[in-house]
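We will go from stop to stop, picking residues as we go.

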Amino acid sequence: MTPKSNPNGPGEDRPMIVEEIQDELFCLQDEKYRDFQAKLIPTVDPERVIGVRTPQLRQYARQLAKREDISAFLNNLPHGYFEECQLHAFIISGMKDYDKCMEEVDHFLPSIDNWATCDQLSPKIFKKHREKLLDHIRVWIQSEETYTVRFSIGMLMEHFLDEDFDTDYPEMVAKIRSDEYYANMMIAWYFATALAKQCEAVLPYIERQRLDKWTHNKTIQKAVESYRITPEKKEYLKSLKVRK
């Protein structure tokens, strides 16, 4: 199957590797899966969804990462198709040079337009450079871009809720005020996870209603659904729900 008309414009304006990647993605297309997946990412135009399963995208990304001309694809932003965004996230996530990886993350973040790509972007190399990563998180979390903020919270949740935890970090998240569903959902996810890992430090944020009402209640809902929180704590959290 050949690609549809690309949302990004005429084909002659795109690097050859982009054309090649799009052709391969359409060869991997599963139309039933496309219809299912499009419903899960409402911020993405369904016409931009090809329908390729994640394991296939990961495998293809590993192949592409080895190519000398991959920078032409990474620089071709914004991408026309959702799956190109996913490939981009997987390629960056596998980079082994921290400085190059961070450069690519900063270049890519402003073009992310959906929760799935945002959450798939998780560079493994960040684990070895947490101190430097934190400086970037402090910048990202103040962004006006929904998915840059979501990504910053995700990085705090992934890398700074265990041995590197500090009470400054939930404070950074609690100060965020947004009208964006996907930012607030990540705030709730962060605090629900923090309640499981750092309950003593984080519980006061719920007891004192430091979050907006929707995010507060969503945090409690997600925490109650967690298998890592005891039944007793779940009952207490339920009692803290803000009633309408």
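This is a predicted model: local features need pLDDT of at least 70, side-chain atom pairs count only at pLDDT 80 or more; totals for chains, interfaces and linings use all residues.

Residues are numbered from 1 along each chain as its sequence is written, and side-chain values use heavy atoms, without hydrogens or water.

Start by selecting Asp-30 and Arg-53, which form a salt bridge with the closest N and O atoms 3.4 Å apart. A salt bridge here is a side-chain nitrogen of Lys or Arg within 4 Å of a carboxyl oxygen of Asp or Glu. Asp-30 lies in the loop between helix H1 (16-27) and H2, and Arg-53 in the loop between H2 and helix H3 (54-65), so the pair ties together parts 23 residues apart in sequence. Helices are DSSP runs (H or I, at least four residues), numbered from the N terminus.

Next, pick Arg-210 and Glu-171, whose side chains meet in a salt bridge (2.8 Å, N to O). Arg-210 sits in the loop between H12 and H13 and Glu-171 in helix H10, so this pair links parts 39 residues apart in sequence.

Now colour helix H12 (residues 199-207): its buried residues (under 20% relative accessible area, 1.4 Å probe, protein chains only) are Cys-199, Val-202, Leu-203, Pro-204, Tyr-205 and Ile-206. Just after H12, look for Gln-209, which takes a positive phi of about 55 degrees.

Finish at helix H6 (residues 98-108), where you will find Glu-103. Glu-103 is exposed, at 52% relative accessible area, where exposed means over 50%.

Terms used: Helices (H or I, at least four residues) and strands (E, at least two) are DSSP runs, numbered from the N terminus.
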